[in-house]
Amino acid sequence: MDSASGRKLLGFRQIAQEKLQHVFYSIPSEKDLIIEPALIKPLEHVCGASWLRKKGIDKIFKFDSKNPPPKRKQFVYLITSSLLTFKSVLDQISGYQSQTSSMMEPDIRNKQYHVLVLPSVLASFEHLLEEEGLHGIVELYNFQWDFLLLDESLLSLELPNVFADVFVRKDTTPLGSIAQSIRIFNLVMGKPHLVFSLGENAEKILHMVQRMEAAKRPNVVGKDNAAGKVDQPEKEPEYSAMLILDRDRDYPACLLTPVVYCGLLLEIQPLNSGSLAVDGECNKIKNGKLAFLQEQGAAAASKQQETTSLRMSGAQDMIYLEHRYRHFSEVISLLSAQAKALGLEGKAYTREMKLHEMKEYVTLKLPKVAAAKKELFKHLRLCETIVEEIGANFEKHQMIEESILTNTNRKQIMNYILELLSSDAHRYNTLRLICLYHVTIGLTGEDMTRLMTGYLNAFGYRHLSLFHSLFQARLFPDTTNLSKTKILSQISIPTLKTPFQIEANKLKQLPTDANDTATTATTPTTDRDGGLTGGVQSTGGGSVAAGGKTCPSYVFNGNYIPLVTQLTNLIFAASSFDNLNTRLGHLERLKVSGRLLTASGQPGDHTQCAPRSIKELSASSHKVALNQLLPFKEKTMFIFIVGGITYAEIAACHLLERTIGAKIVLSSDRIIAGHDLIESVVNC
């Protein structure tokens with residue numbers, strides 16, 4: 001990424017600081033800040049404790065509904081837009097109010113309690129405030145930090161529960177906040193020439209952005225025209241194209257198990273705003289298994305290890321930067337070699353040293369070696385956890401996932417899942433495999449009943465309602481309307497190609513499902529700077545990476561190319577709009593809009609055209625302008641995935657970026673793994 005673009009991405013932090021500063025300055029005198037624990041890490045990307053103190057914050061507390069801090073002065077609460085959390089805050093405030101004299105009337109001009117809600121205040125908050133009798137005592141504020149820069153070319157809104165709200169509960173409230181952030185992005189970076197959206201929610205976001213921009217524009221234009229000035233042309237955008245994608249358009253990229261190092265890190269430990277917990281005693285795999293399956297492991301643990309954190313940012317962790325997109329099988333050996341090298345480096349300076357050399361070593365070299373060892377130890381602990389928790393069954397699991405994608409060995413797949421449910425059931429990962437089976441192949445009525453029974457026998461019948469939640473997210477069949485006719489229609493002769501495979505083959509997402517006789521496997525390679533270059537190897541072992549052939553499917557062991565990567569590649573590779581129509585015209589949900597497409601078709605018109613499909617545009621007056629724009633002179637794209645993005649998708653897109661010489665910035669409301677997606681549905 002060039003320096004100018006990087007500085008603009010860092011500008012989002014300054015915008016967030018300005019928003020927060022405006023709220024703090026509107027509250028006179030000193031105040032104490034109480035933060036919801038889940039927001040502490042994201043807030044660190046916006047400002048530090050010293051910055052907060054300069055803005056009038058005296059003390060900072062972690063919000064705890066059971067242990068409120070002592071009331072000294074004004075309180076400012078920073079919470080998410082959760083009604084339960086807000087109720088806990090109001091209960092705490094009611095407790096403070098009851099401690100004061102009931103004879104004293106509250107001074108509504110100088111309110112003592114202020115609540116900042118991320119990303120916006122809900123209407124139910126106002127109603128609850130009145131019900132609790134605190135209206136006029138508590139002041140509510142909207143606050144949204146927009147995009148947080150977690151790593152190079154990686155942004156996140158860090159909004160909680162977007163997938164559960166939008167895709168399961170069908171509550172589109174978070175889409176307004178996402179649209180507002182994308183509008184801010186357009187103001188900072190310039191509106192892209194073309195904006196692609198795939199999915200119902202992505203299209204809604206674009207409609208919201210257009211309405212917001214239209215609402216702001218008339219006043220400005222009217223003032224300019226009244227003064228006799230000519231409208232200023234829009235600045236050249238930083239990114240030629242934008243792609244907004246719904247999570248449910250590509251579930252396999254989230255449900256499959258990645259093989260890249262950064263992807264596997266999220267399979268074992270939770271991530272919070274780019275910070276990964278490093279804890280040898282507790283991880284996602286252990287927490288999701290039944291209690292009796294963990295007794296042996298718990299008894300074997302001799303001592304409690306300290307919990308630390310690993311910042312998944314290449315700018316702050318050089319070891320992570322070097323290995324993040326490598327195949328995990330390479331990472332272990334490379335980390336071992338680094339550990340040996342550090343050990344030798346520590347011993348090399350102790351032999352036959354003179355006094356000044358020893359002084360230089362102690363003051364300069366030794367602290368660096370010690371710091372490097374500390375960081376390396378974190379990675380080695382994480383690798384050890386990955387091997388212990390995933391390694392024993394990893395190869396067989398990969399083989400089953402490949403069979404699911406290629407629609408082969410159905411009996412073996414079903415037996416494997418049933419065996420997991422009876423002997424090694426995991427609350428989320430077993431369900432994740434079942435959902436992958438349904439999304440790619442489709443569950444028959446008989447198989448659905450067997451799998452539901454196995455899961456409920458393992459974890460309890462209180463989870464019966466979660467299958468309806470999975471159905472709402474299109475991850476499981478409808479369990480409420482299964483007549484005999486429907487069951488008979490589902491139990492049919494297995495087809496050679498499922499609807500998923502037909503669609504994926506059109507976009508060439510399944511390298512392992514090719515009709516040719518030669519099978520290929522993908523292995524990652526790295527360039528001399530340690531970055532990922534990728535390469536496809538034939539079964540004979542002859543690498544053709546030197547010929548320039550690379551395949552992003554290596555993130556899933558050569559089995560699958562994420563949809564977002566393939567769409568980006570096809571858009572950049574299109575030589576004309578007619579060519580793009582040939583490649584992507586069959587995707588009816590893929591809509592196109594942008595600054596190039598105005599309502600009148602004239603360059604001076606600021607009225608944006610509503611998103612339309614590629615086929616519709618190929619028969620419109622915009623076709624000439626679109627043909628002139630493609631191929632893009634600069635291959636630059638901003639990507640946003642509604643409902644969470646995975647590190648496998650990030651790795652695949654960054655490989656594509658290096659391969660074709662593009663600049664791709666990825667973003668989402670959260671960075672997730674398949675475990676997190678299923679957990680959000682279970683807890684819905």
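Author: In this predicted model, the axes of helix α23 (residues 563–573) and helix α27 (residues 647–660) come within 9 Å and cross at roughly 20°.

Reader: Why is α23 called roughly parallel to α27?

Author: Angles under 35 degrees count as roughly parallel, and the axes of α23 and α27 cross at roughly 20°, so α23 is roughly parallel to α27. The crossing of these helices, α23 and α27, is right-handed.

Reader: Which residues of α23 and α27 make the contact?

Author: On the α23 side the contact is made by Val564, Thr565, Thr568, Asn569 and Phe572, and on the α27 side by Glu649, Ala652, Cys653, Leu656 and Ile660. Divided by class, the residues of the contact of α23 with α27 are 6 nonpolar, 3 polar and 1 charged.

Reader: What makes α4 and α5 roughly parallel to each other?

Author: Helix α4 (residues 83–99) and helix α5 (residues 123–131) have axes that come within 11 Å and cross at roughly 30°. Since the cut-off for roughly parallel is an angle under 35 degrees, α4 and α5 are therefore roughly parallel to each other.

Reader: Is the crossing of α4 and α5 left-handed or right-handed, and which residues make the contact?

Author: The crossing of α4 and α5 is right-handed. Leu83, Phe86, Lys87 and Leu90 of α4 make the contact with Ser124, Phe125, Leu128 and Leu129 of α5, and by class the contact of α4 with α5 has 6 nonpolar, 1 polar and 1 charged residues.

Technical notes: Residues numbered from 1 in each chain as written. Predicted model: local features only at pLDDT ≥ 70, side-chain atom pairs only at ≥ 80, totals over all residues. Heavy atoms only, no water. Axes fitted to C-alpha atoms, helices over the stretch in contact; angles between N-to-C directions. Helix = DSSP H or I, 4+ residues; strand = E, 2+ residues; numbered from the N terminus. Parallel < 35°, antiparallel > 145°, perpendicular 65-115°, else oblique. Left-handed = near helix turned anticlockwise from the far one by under 90°. Contact = heavy atoms within 4.5 Å. Nonpolar A, V, L, I, M, F, W, Y, C, P; charged D, E, K, R; others polar.
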